Amino acid sequence: MRKIEHIGIAVKDINASNKLYERLLGVAPYKSEAVESEGVNTSFFLSGPNKIELLEATNENSPIAKFLEKKGEGIHHIAFDVEDIVAEIARLKEEGFTVLNETPKIGADNKLVAFLHPKGTGGVLIELCQEIVDVRL
């Protein structure tokens, strides 16, 4: 793992939370997008070299809706940047971690993503992120 890629925060109302974080950080989100496969709307903020992702559920069956129901708003996950997500998944499985999705999937912000179960990571949901590189010439 090369660095913390971002911190994900579950929110009930992304518009209200965008306004809150705009006031807090002094900048508007640089990107907002829906990730239909996960049932979320996202907004990304930059604060210096650090990124914060806000996540709002778009349906009651999404992982974010379930998180909000159990725990309320707050930090949902910490994402780490990796160079080779497939190799990192294999390494972490060998180390005994439970990978929630062994095949990386397309996530927000042009990333391939996979998650580690929080039961094996001290209660913290860990996301692995690899930048999707467009190799078309």
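A residue is called buried here if its relative accessible area is under 20%, exposed if over 50%, and partly exposed in between (1.4 Å probe, protein chains only). The structure is a predicted model, in which local features need pLDDT of at least 70 and side-chain atom pairs count only at pLDDT 80 or more, while totals for chains, interfaces and linings use all residues. Residues are numbered from 1 along each chain as its sequence is written, and side-chain values use heavy atoms, with hydrogens and water left out.

Helices (H or I, at least four residues) and strands (E, at least two) are DSSP runs, numbered from the N terminus, and two strands pair if DSSP finds at least two bridges between them. In the model, 8 strands make an open sheet with mixed pairing, and their order is β2-β3-β4-β1-β5-β8-β7-β6. The edges are taken by β2 (31–35) and β6 (105–106), each of which has a single partner strand, so one side of each is left without a neighbour in the sheet. Strands β1 (residues 3–11) and β5 (residues 74–81) run antiparallel and are joined by 7 bridges. Ile4 stands opposite Phe80 in β5.

An α-helix has 3.6 residues a turn, so residues three or four places apart point the same way.

At 10% relative accessibility, Asn18 counts as buried. Its side chain makes a polar contact with the side chain of Ser43 at 3.0 Å. A polar contact is a pair of N or O atoms within 3.5 Å; within protein, one must be able to donate a hydrogen and the other to accept it, and residues adjacent in sequence count only if both atoms are side-chain atoms. Not counting residues up to four places away in sequence, Asn18 touches Pro29, Ser43, Phe45 and Leu54. Just after α1, Gly26 has a positive phi of about 75 degrees.

Helix α3 (residues 85–94) lies across β7 (111–116) and β8 (126–131), running at about 150 degrees to β8. Axes are lines fitted to C-alpha atoms, for helices over the stretch in contact, and angles run from 0 to 180 degrees between N-to-C directions. Ile85, Glu88, Ile89 and Leu92 are buried in α3, and they pack against β7 and β8. Val86 and Glu94 are exposed on the other side of α3. Asp84 caps the N-terminal end of α3, with a side-chain oxygen 3.2 Å from the backbone nitrogen of Val86.

Definitions and conventions. Contact = heavy atoms within 4.5 Å.
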